[in-house]
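The following explanation considers a structure through its side-chain contacts, its surface and its chain interface. Please keep the model in view while reading.

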Amino acid sequence: MNWTSRLVGLGSFLRHTNAQETGIAWRDVVFNILVAGGCVHLVREYIAEPTKCIGPSMLPTFNPRGDLLIQEHLSVTFRQIRVGDVVFAVSKNDPRHIVCKRVLGMEGDAVEVRDGRQGALKIEKVPEGHVWLQGDNTINSTDSRHYGPVPYAMLVGKAFIKVLPLNQAGWVESKIPSYAKHDKI
Amino acid sequence: MQPTLNPVESSQADRILINRWSAKLLHRYERGQVVLLRSPHDPDLLILKRLIGLEGDWVVVPNHTDIETVPQGHCWVEGDNPACSMDSRTAYGSVPLGLIQGRASCIIWPPERVSWVDSHAPTNRLLMTNQQALQRTDSSQWFRRR
């Protein structure tokens, strides 16, 4: 069984034709490529997809040169995001950009926020339907401290496996950084 | 969104077709379009509003003395029926553009109402568009430098 007959297989099975009689049925090949493309799109859109996280804002956790992560969309769809998860979200400043941040507060939480390393401490309340996102690199990160809480509907996925670089590969830990305390109100 | 959608004289609810390419892939946002967006307060709620102002626009808020400047990456959305509409005026304020899911392109049901959804920017809602505001600040800086 060579690769062409494999490509023909599913299409001819679904359309009750026999590939052996007519040689290679190109219509079946096209059909199968379309089906495969559709499946890939569905998986990437709704289940999981590889993503590169570039920039210094998550520095101790991810390298600024760009780590290859796998993000999954299921926990956003089923509202399973918790405090401490690393998530991807549409940027509030630019709808074309996706940012990678850590969730420090869900709706109704009060988050202790410090500007930079030695900024003034203030307490922010996260409003209904919003989350508080912050980069792990507090000194160099544009996040909720600048543009306020982010609507939950702008979350895209949750980072859960780090693939590259290979020596740091593994699960992405969900943890609350020591500087961030939060209380439920 | 009365009278644009679900007018009083119509017996059935309108079914509309949403163009998801224009907003999600091409990121084309124009004043006057009817857009579908997720509510900032509730991720499960989809709302349909008219896009009034884009980033940098100066919006006139009714029953308010001050003028709102739409921040970067945000927009100002309003329903066509000011009497009963939860929108930027009454509830949300400026809304992030990332919440927009698509543009309402045409009404497909009931059959007698099949048409394109008209896209018109209402007058007297904007004090200045972002282009005008930019020119204004440019010229004022020019004067200050002199």
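Is A:Trp171 buried or exposed? In this predicted model, A:Trp171 has a relative accessible area of 67% and is therefore classed as exposed, the cut-off for that class being over 50%. One aromatic pair is found when the whole structure is searched over all chains. Its members are A:Phe160 and A:Trp171, with ring centres 6.1 Å apart and planes at 50 degrees to each other, an arrangement that counts as tilted. The pair links distant parts of the chain, since A:Phe160 belongs to strand β9 (residues 155-164) of chain A and A:Trp171 to strand β10 (residues 170-171) of chain A, eleven residues apart. A:Phe160 is partly exposed, at a relative accessible area of 26%.

Strand β9 of chain A also carries a charged contact. A salt bridge is formed by A:Lys162 and A:Asp67, whose closest N and O atoms are 3.4 Å apart. A:Lys162 lies in strand β9 of chain A and A:Asp67 in strand β2 (residues 67-72) of chain A, so this pair ties together parts that are 95 residues apart in sequence. Which class of accessibility does A:Asp67 fall into? A:Asp67 is buried, with a relative accessible area of 1%. A:Lys162 likewise counts as buried, with 8% relative accessibility.

The total over all chains is 15 salt bridges. Another of them joins the side chains of A:Glu49 and A:Arg44, with an N to O distance of 3.1 Å. Here A:Glu49 is buried at a relative accessible area of 16%, while A:Arg44 counts as partly exposed at 40% relative accessibility.

Attention now turns to the surface of chain A. A nonpolar patch is formed there by A:Leu42, A:Val43, A:Tyr46, A:Ile47, A:Leu74 and A:Phe78, which together have about 590 Å² of accessible area. Helix α3 (residues 26-47) of chain A contributes the largest share of the patch, namely four residues. A:Ile47 is placed in helix α3 of chain A.

In chain B, a salt bridge connects B:Glu78 with B:Arg89, the closest N and O atoms lying 3.5 Å apart. This pair links distant parts of the chain: B:Glu78 is in strand β6 (residues 74-78) of chain B and B:Arg89 is in helix α2 (residues 88-92) of chain B, eleven residues apart. B:Glu78 is buried, at a relative accessible area of 3%, whereas B:Arg89 counts as partly exposed at 21% relative accessibility. Through shared partners, salt bridges join B:Glu78, B:Asp87, B:Arg89 and B:Arg125 into one network.

How many residues of chain B are in contact with chain A? There are 15 residues of chain B in contact with 14 residues of chain A. About 1,200 Å² is buried between chain B and chain A, and 62% of this area is on carbon and sulfur atoms. Of the area that chain B buries against chain A, 35% is supplied by B:His27, B:His41 and B:Pro43, more than by any other three residues. One salt bridge is counted between chain B and chain A. B:Asp44 and A:Arg79 form a salt bridge in which the closest N and O atoms are 2.3 Å apart.

Conventions
Residues numbered from 1 in each chain as written. Chains lettered and ligands numbered in written order. Predicted model: local features only at pLDDT ≥ 70, side-chain atom pairs only at ≥ 80, totals over all residues. Heavy atoms only, no water. Phe/Tyr/Trp six-rings, centres within 6.5 Å; stacked < 30°, edge-to-face > 60°. Helix = DSSP H or I, 4+ residues; strand = E, 2+ residues; numbered from the N terminus. Buried < 20%, exposed > 50% of the residue type's maximum accessible area, 1.4 Å probe, protein only. Patch = residues over 30% accessible without salt bridge, like charges linked within 9 Å, V, L, I, M, F, W, Y side chains within 5 Å. Areas by Shrake-Rupley, 256 points an atom, 1.4 Å probe, with all protein chains shown as cover. Salt bridge = Lys/Arg side-chain N within 4 Å of Asp/Glu carboxyl O. Contact = heavy atoms within 4.5 Å. Buried area = accessible area lost by both parts, 1.4 Å probe.
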